[in-house]
Amino acid sequence: AYARRVQRLSPSRVESDALLAYVELHSGLPLENLRPQKGRNGDEALEHLRPLLAWFKSHFPYNHPEEVLGNVRPSPRERSFDASRTELQRCDESGRIVRFPRYNHLRKTMEVRDGRCGEYAPLFLQLMRALGWRARLVVDWTDHLCKDGRISDWQYENWTHPPSCER
C-alpha cells in the first residue's frame with residue numbers, strides 16, 4: 001500500500017503536463033511566475049506562490065460536513081478512483097444523507113472538486129512538483145495530511161508549509 005501511495009504522489013510527465021494545463025486553463029495564472037527561480041529568497045518565492053494558493057483554495061472548496069454518520073465501504077465505482085473509504089454525511093438543512101468518497105485519484109479529485117486535506121494535500125503536492133518545486137507529504141497520524149514545499153533562498157534552504165487547503 002505504501003509503495004502504491006508513493007507512486008501516486010510521483011506524477012508521470014503526462015500527469016504533470018495535464019495538471020499544469022488544468023491550472024493554466026482554470027486559474028489564468030502565468031505558470032512561469034510560479035516556478036522556482038534562482039535569486040529569489042524564501043519570502044519572495046512564497047510571495048510568488050500566494051496567487052496560486054488563493055486560487056487553489058477558491059477553486060477546490062473544503063468539505064465541512066455538518067454531521068458525519070460514519071464510514072462505509074466504497075462502491076465499486078468509488079473504488080475505481082482509489083476511494084479508501086466513503087463517509088456518510090447528513091445535511092442539517094435538508095436532512096439528506098450524502099456519500100463523501102475519500103478519493104485518492106488526482107483526476108477524480110480535480111473533477112469533483114470536493115475534498116479535505118486527504119484529497120487536496122496530495123493534489124497540491126503534485127502541483128508543486130509539476131512546477132519544479134521539491135515537495136513532501138507530511139502525515140501527523142491524527143487523520144490529517146499537509147504538504148511542505150522546499151522554499152529556498154539558494155543559501156539557506158528551509159521547508160515551509162504553504163497552506164493550500166487549511167482554513
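**View 1. The chain has seven helices and six strands.** Helices (H or I, at least four residues) and strands (E, at least two) are DSSP runs, numbered from the N terminus. Listed from the N terminus, the elements run α-α-α-α-β-α-β-β-α-α-β-β-β. This is a predicted model: local features need pLDDT of at least 70, side-chain atom pairs count only at pLDDT 80 or more, and totals for chains, interfaces and linings use all residues. Residues are numbered from 1 along each chain as its sequence is written, and side-chain values use heavy atoms, with hydrogens and water left out.

**View 2. Confidence in the chain.** pLDDT is the predictor's confidence in each residue, from 0 to 100. Its mean over the chain is 82, and 78% of the residues reach 70 or more. Helix α5 (residues 76–79) has the highest confidence, at 96. Strand β5 (residues 145–152) has the lowest, at a mean of 56.

**View 3. Strands β1 and β2 pair in the antiparallel sense.** Two strands pair if DSSP finds at least two bridges between them. Strand β1 (residues 67–72) and strand β2 (residues 86–90) share five bridges. Here N71 stands opposite E87 in β2.

**View 4. β2 and β3 form a hairpin.** Strand β3 (residues 97–101) pairs with β2 over five bridges, also in the antiparallel sense. L88 stands opposite R99 in β3. Six residues lie between the two strands. In the turn, G95 has a positive phi of about 80°.

**View 5. Burial in the chain.** Of the 167 residues, 42% are buried, meaning under 20% relative accessible area (1.4 Å probe, protein chains only).

Terms used. Buried means under 20% relative accessible area, exposed over 50%, partly exposed in between (1.4 Å probe, protein chains only).
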